Amino acid sequence: PVTVAYSTRLLKTNGDIPWVDISPVLMNWEGRPAALVFITDVTDRVQAAQEKARLEEQLQQARKMEAVGTLAGGIAHDFNNLLQIINGYAQMLLMNAPAGDPEREGIEEIWAAGIRAAELVRQLLLFSRKAEAKRQVIDLNTAVAKAGKILDRTVPKMIRIDLHLTGGLWPVLADPVQIEQALLNFGTNAVDAMPDGGRLLLKTENLMLGQEDPQTHSGVRPGKFVLLTVSDTGHGMSRATMEKIFDPFFTTKEVGKGTGLGLASVYGIVNSHGGTITCDSEVGTGTTFKMYLPATEPEDQSETQNDFVAEPLRGGVETILLVDDEEPIRNMASQALMSYRYTVLTASSGEEALNLYASRKNEIDLIVMDLGMPGMGGHRCLKELVRIDPEVKVLIASGYSSEGLGRKTLEAGAAGYVGKPYQLKDLLRAVRAILDGTPAAKHAS
């Protein structure tokens, strides 16, 4: 007798479709050819194998994203150094340019472009989880309008982008970079859903949620919310797809065209802001996402980002040791500090800084130091400086997150922190605060 085994699915009378192994055995029965068939339900085994394959795929994807994150961190560090030079010199020119200077407008454009570039780098670091969120009181209309301009430049021309922004919108406490990231994710998905063109709507409005509203059942508290609606006229989604859209690594795109992390990251962003998100979609009619973000109290916005005059910057006659492995950054920061009458010494490494401090410790009032340098690096250098002189004053100026290595350095004895690419006014204020013994300098960022 010959045995031929195979697997298939069967439809049972109760509607179930189990996986089965079928093992027929050819034989003779009462002198005639016959087959004895063994049917074994192997649904559990097949589902376990499918789950194992799914988990292995997720693990592989997670490892790939970890590698991307490591690469992003390295690129961001180098790019932040370049932006520090560009933004630093632009700020120095602005500080010295009178209000009526015809060249001032061009300099402001250079600086504004540098600020936008720094925000893009932070988006990269946020995605790779190498930077912490920076919450501030914002008008969501501003963030939506900014994302709308980016989408308008990047989406195909046959897709119309409409903005319906409600006036008098309540402020929200949010990270504008993360909100922009969420909107760009929505935009990318909408483009994929409308290959032949269509309409993308971004809408904001104020909303009061009560205890009886279904949105509060997801864990958010009743109260004042700002509702951000993103709608497209694309091909829509089935109910089965909608149940999985926020799952990490779930994607309906072809292999190599989607990570399955876009909407999962949006879901995480909204939840981390204390809000909730819903999705409504039908095949052939389009998709609507609704983000509910808690409203907050307005904040005094008297000091603007571009204001160099509102609060006069104070200099001093102290001596500062500037430690950075990038010569252009040392030159730029030295010029800025010396323009406020400080005496500046420089070092290109932790080892050189230690030698200088050991020989001229009585002259040096403050050390401004990067963390990511060749050799011993800034963190080890700080620990050695504290060992030599427990009263040493060190301001960390680095592209590393103040919640990561930056926090460890603060805990090791640094007096303050400014993140690259920093604004020169923030550097100058942090320097003055530490020299004057202001406790708030610990939290400069």
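So, the crossing of helices α7 and α11 is right-handed, meaning that the near helix is turned clockwise from the far one by less than a right angle. Keep in mind that this is a predicted model, where local features need pLDDT of at least 70, side-chain atom pairs count only at pLDDT 80 or more, and totals for chains, interfaces and linings use all residues. Residues are numbered from 1 along each chain as its sequence is written, and side-chain values use heavy atoms, with hydrogens and water left out.

Back to our pair. The axes of α7, residues 327-338, and α11, residues 424-435, come within 11 Å and cross at roughly 60° (axes are lines fitted to C-alpha atoms, for helices over the stretch in contact, with angles from 0 to 180 degrees between N-to-C directions). That makes α7 oblique to α11, oblique being whatever is left once under 35 degrees is roughly parallel, over 145 roughly antiparallel and 65 to 115 roughly perpendicular. Who touches whom? M332, A336 and L337 of α7 meet L424, L428 and V431 of α11, with contact meaning heavy atoms within 4.5 Å.

Now the sheet. Five strands form an open, mixed sheet, ordered β5-β7-β8-β10-β9; strands pair if DSSP finds at least two bridges between them, and helices (H or I, at least four residues) and strands (E, at least two) are DSSP runs, numbered from the N terminus. β5 and β9 sit at the edges with a single partner strand each, so one side of each has no neighbour in the sheet. β9 runs antiparallel to β10, joined by seven bridges.

Finally, helix α4, residues 176-193, lies across β5, β7, β8, β9 and β10, at about 30° to β8.
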